[in-house]
Amino acid sequence: MQINPTKYKLINVATNREFDDAGWLLDDPMAEKPSLIRTVYEKKQLFPKDNSYGIYKFADWLPISRMMQGSCAPVTFKSKGLAEYLKLDNLFITFSGYFPTIGANMTSCSFKETEAYSVCGRITTEMKGVLVVASAGNTARAFAKVCSDNNIPLLLCVPEDNLNALWFDKPLNDCVKLICSKSGCDYFDAIHLGNIAVKSDKYYAEGGAKNVARRDGMATTMLSATTFIGEIPNYYFQAVGSGTGAIAAWEANLRLIADGRFSNKKAKLMLSQNLPFIPMIDAWNADSRELLPFCEHEARKQVEEIDAKVLSNRKPPYGVTGGLFDAMKDTQGEFFAINNDGARKAAELFEKLEGIDIHPAAAVATASLIQAAKENKIDKSQIIMLNITGGGENLFKKTCELHYLKPNHIFEMNPNENDVLKVVEGLF
């Protein structure tokens with residue numbers, strides 16, 4: 001199944017300068033100050049293809065040149081059990097994971113697949129070198145699956161403490177390599193390894209939140225919900241580590257308004273973090289565009305305590321122009337701080353009422369919805385979207401023998417740059 005390259009331009013959010021994508025731009029090359037860039041699609045209205053295209057059913061609004069094999073789009077359904085429990089008239093759940101009963105077949109069990117299939121679809125056949133992805137776990141699993149299945153060279157950088165997240169239903173292609181920051185390090189240390197690796201001419205950075213393909217891939221959750229419901233939701237619930245998924249939902253919302261068929265509403269971003277690690281909540285409550293200063297040692301300690309390790313980004317795209325601060329301001333958003341106990345209870349309740357297990361981050365989001373409903377912070381008659389960013393892992397693991405990716409090298413904290421480059425240059 002082939003697909004024509006999507007026609008689009010890029011725009012600097014801060015200056016509105018529009019320019020062509022030179023192939024793998026992560027910034028405006030003429031920018032004088034940091035700003036996210038966005039895609040501006042030639043097609044102003046969205047016409048989804050059928051489900052056989054997987055995530056590429058939304059190809060009109062994905063910056064891709066080709067399709068990868070094996071994708072699945074997020075699935076939206078109207079809640080019965082949780083909606084009745086919380087007395088919500090119009091609760092819609094967008095599920096990214098493994099739940100065959102509803103047609104969800106993401107075998108990584110995470111919405112990070114939406115990023116991986118979009119980013120890899122942006123890679124042109126002319127591009128050479130090895131893609132570098134830093135991750136706290138789920139993103140690495142998704143990219144490893146997609147790159148292995150499609151023979152795309154990939155270097156993963158993951159904290160050693162998160163290796164249990166790198167499980168697969170079959171051995172991976174040798175095109176996927178893994179380096180780790182030693183036990184006691186966190187996601188930021190893994191990002192540091194990736195930043196060193198891309199100083200070698202052999203490698204290029206995936207780009208994280210700066211990559212428009214990553215954000216537009218994640219935006220398919222909002223596209224799934226809106227096209228299923230027929231209009232833009234009033235509320236959008238999600239747990240955030242970097243906030244990239246929420247930025248993506250906001251950007252999709254703006255495109256859907258411009259489409260003209262789905263109302264002109266801006267969904268109120270109802271976002272959550274896992275106590276005690278809540279740097280974006282602290283900044284938001286102080287009405288600060290910049291994250292507040294915090295002790296690195298204390299931050300590492302907090303990350304060790306949280307169940308939802310994927311929510312542990314210490315340098316998220318929060319204050320940058322077009323980032324999460326702007327998204328929250330534009331939608332009059334709210335933040336919720338959820339502890340481990342609240343998230344665990346929410347996960348148990350979700351599985352009981354909706355019939356599927358969910359990841360800790362999705363449980364944090366569910367707990368925030370429960371809190372908002374109990375505290376009357378939402379209009380219970382309006383359309384609510386709950387973004388379940390991962391689930392079905394327990395169900396999926398019962399169906400197959402698991403294979404774990406082993407590190408090619410484990411580095412000490414704050415390793416010597418030359419030592420890292422020597423190792424990574426010899427991997428491929």
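1. Helix α3 is mostly covered in this predicted model, with twelve of its 13 residues buried. The helix runs over residues 138-150 and reaches 18 Å from its first C-alpha to its last, close to the 18 Å expected at 1.5 Å a residue. The buried positions are N138, T139, A140, R141, A142, F143, A144, K145, V146, C147, S148 and N150. Just after α3, N151 takes a positive phi of about 55°.

2. Buried residues in α11 are N340, A343, A346, A347, L349, F350 and E354. In an α-helix there are 3.6 residues a turn, so residues three or four places apart point the same way. Just after α11, G355 takes a positive phi of about 85°.

3. A polar atom of the R215 side chain lies 2.7 Å from the backbone oxygen of A209. Not counting residues up to four places away in sequence, R215 touches L36, I37, R38, A209, K210, T244, I247, A248 and E251.

4. The largest nonpolar core holds 44 residues, of which M222, Y236, L271, L324 and F335 touch the most other members. The elements giving two or more residues to this core are β1 (8-12), β3 (37-41), α5, α6 (220-229), α7 (244-259), β14 (268-274), α8 (279-285) and α10 (324-331). Helix α7 gives the most, with seven residues.

5. F335 deserves a separate look. Residues up to four places away in sequence aside, F335 touches V240, L271, S272, Q273, M280, I281, W284, L324 and M328. A second, separate core has 40 residues, including L91, A367, I378 and I384.

6. L256 is found in helix α7 and is buried, with a relative accessible area of 0%. Leaving aside neighbours within four places in sequence, L256 is in contact with W61, M222, L223, T226, I232, F262 and S263. L256 and Q69 are 187 residues apart in sequence, and their C-alpha atoms are 27 Å apart in space.

7. Rolling a probe the size of a water molecule over the atoms shows where empty space is left. How many cavities of 30 Å³ or more does the count give? The count comes to one cavity of that kind. The largest cavity has about 40 Å³ of space. Its lining consists of S181, D189, H192, L193, E412, M413, N414 and P415. Helix α4 (residues 187-197) gives the most to this lining, with three residues.

Notes: Residues are numbered from 1 along each chain as its sequence is written. This is a predicted model: local features need pLDDT of at least 70, side-chain atom pairs count only at pLDDT 80 or more; totals for chains, interfaces and linings use all residues. Side-chain values use heavy atoms; hydrogens and water are left out. Helices (H or I, at least four residues) and strands (E, at least two) are DSSP runs, numbered from the N terminus. The expected span of a helix is 1.5 Å times one less than its number of residues. Buried means under 20% relative accessible area, exposed over 50%, partly exposed in between (1.4 Å probe, protein chains only). A polar contact is a pair of N or O atoms within 3.5 Å; within protein, one must be able to donate a hydrogen and the other to accept it, and residues adjacent in sequence count only if both atoms are side-chain atoms. Contact means heavy atoms within 4.5 Å. A nonpolar core is a set of buried Ala, Val, Leu, Ile, Met, Phe, Trp, Tyr and Cys residues joined through side-chain atoms within 4.5 Å. On a 1 Å grid over the protein atoms alone, a cavity is a set of points where a 1.4 Å probe fits but cannot get out, and a pocket is an open set with protein on both sides within 12 Å along at least five of seven lines; lining residues have an atom within 4 Å of a point. Grid points are joined across faces, edges and corners, and a volume is the space filled by probe spheres set on the points.
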